[in-house]
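Welcome! Please take a moment to look over the sequence and the 3D structure, and then read on for a short tour.

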Amino acid sequence: MNNKTKMLIIIGFWLFLALFAVMQNEKIFFAGDEILLKVQPVDPRDFLRGQYVQLKYDIGTIPVKKSEHFAHKETIYVTLKKEGKFYSAKKISKNAPKILGAEEKYIKGKIDFILYSSRYGKDYNDIRIVYGIENFFTKESEAKAIEKSLAAGGIAKIKLDKKGRAKIIGVEQ
């Protein structure tokens, strides 16, 4: 095997790896299930990353009993149940659910922080969870308009794959 053939094999291998990594991420858009979640806008601009709408989901803060022990940055799975046309959080666990009901799905997230008090009483803590779908990037000319249209609340269209990974595909009023 000459040097040119070896170089082509090495380049081909790295191109294959790059394509494989991209396809693993993008297959959620093609093979994932679409769900709707309620959202509120938070902030439309980051000087380093450009225009986007930061979204706050109803499933982003979940009350848990103090007897359940969760840690900062811990990976968790939230079981979602369809109620009307939207999904809402029903259960939080440290492992992916093995059995789901007909109108249930799950989403994978990480614990952002734990608030050691709760609107649900002294026996509960509120857990703030991030799912990787909190930022919706858009054209500079559209970010402010989207934020204004979502001021009273809106809908996020999300794709979920079978492992609970999520991608945001759009927002609407």
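A nonpolar core is a set of buried Ala, Val, Leu, Ile, Met, Phe, Trp, Tyr and Cys residues joined through side-chain atoms within 4.5 Å. Buried means under 20% relative accessible area, exposed means over 50%, and partly exposed lies in between (1.4 Å probe, protein chains only). The largest nonpolar core here has 31 residues, and those touching the most other members are Leu55, Tyr57, Val78, Ile107, Ile133, Ile158 and Ile168.

This is a predicted model, in which local features need pLDDT of at least 70 and side-chain atom pairs count only at pLDDT 80 or more, while totals for chains, interfaces and linings use all residues. Residues are numbered from 1 along each chain as its sequence is written, and side-chain values use heavy atoms, leaving out hydrogens and water.

How confident is the prediction? The pLDDT score is the predictor's confidence in each residue, from 0 to 100. The chain averages 84, with 93% of the residues scoring at least 70. Helices (H or I, at least four residues) and strands (E, at least two) are DSSP runs, numbered from the N terminus. Where pLDDT is low, the predicted coordinates should not be read in detail.

Setting aside neighbours within four places in sequence, its contacts (heavy atoms within 4.5 Å) include Phe29, Leu55, Tyr57, Ile133 and Ile158.

Now for the aromatic rings. Rings of Phe, Tyr and Trp (its six-membered ring) pair if their centres lie within 6.5 Å; planes under 30 degrees apart count as stacked, over 60 as edge-to-face and the rest as tilted.

| Pair | Centre to centre | Angle between planes | Type |
|---|---|---|---|
| Phe16 and Phe20 | 6.3 Å | 25° | stacked |
| Tyr77 and Tyr106 | 5.8 Å | 70° | edge-to-face |

Phe16 and Phe20 sit 4 residues apart in helix α1 (residues 3-31), about one turn of the helix. Phe16 is exposed at 51% relative accessible area, and Phe20 is partly exposed at 46%. Tyr77 and Tyr106, by contrast, are both buried. Because Tyr77 lies in strand β5 and Tyr106 in strand β7 (residues 104-115), their pair ties together parts that are 29 residues apart in sequence.

Strand β5 also holds Thr79, which is buried at 7% relative accessibility. Leaving aside neighbours within four places in sequence, Tyr106 is among the contacts of Thr79.
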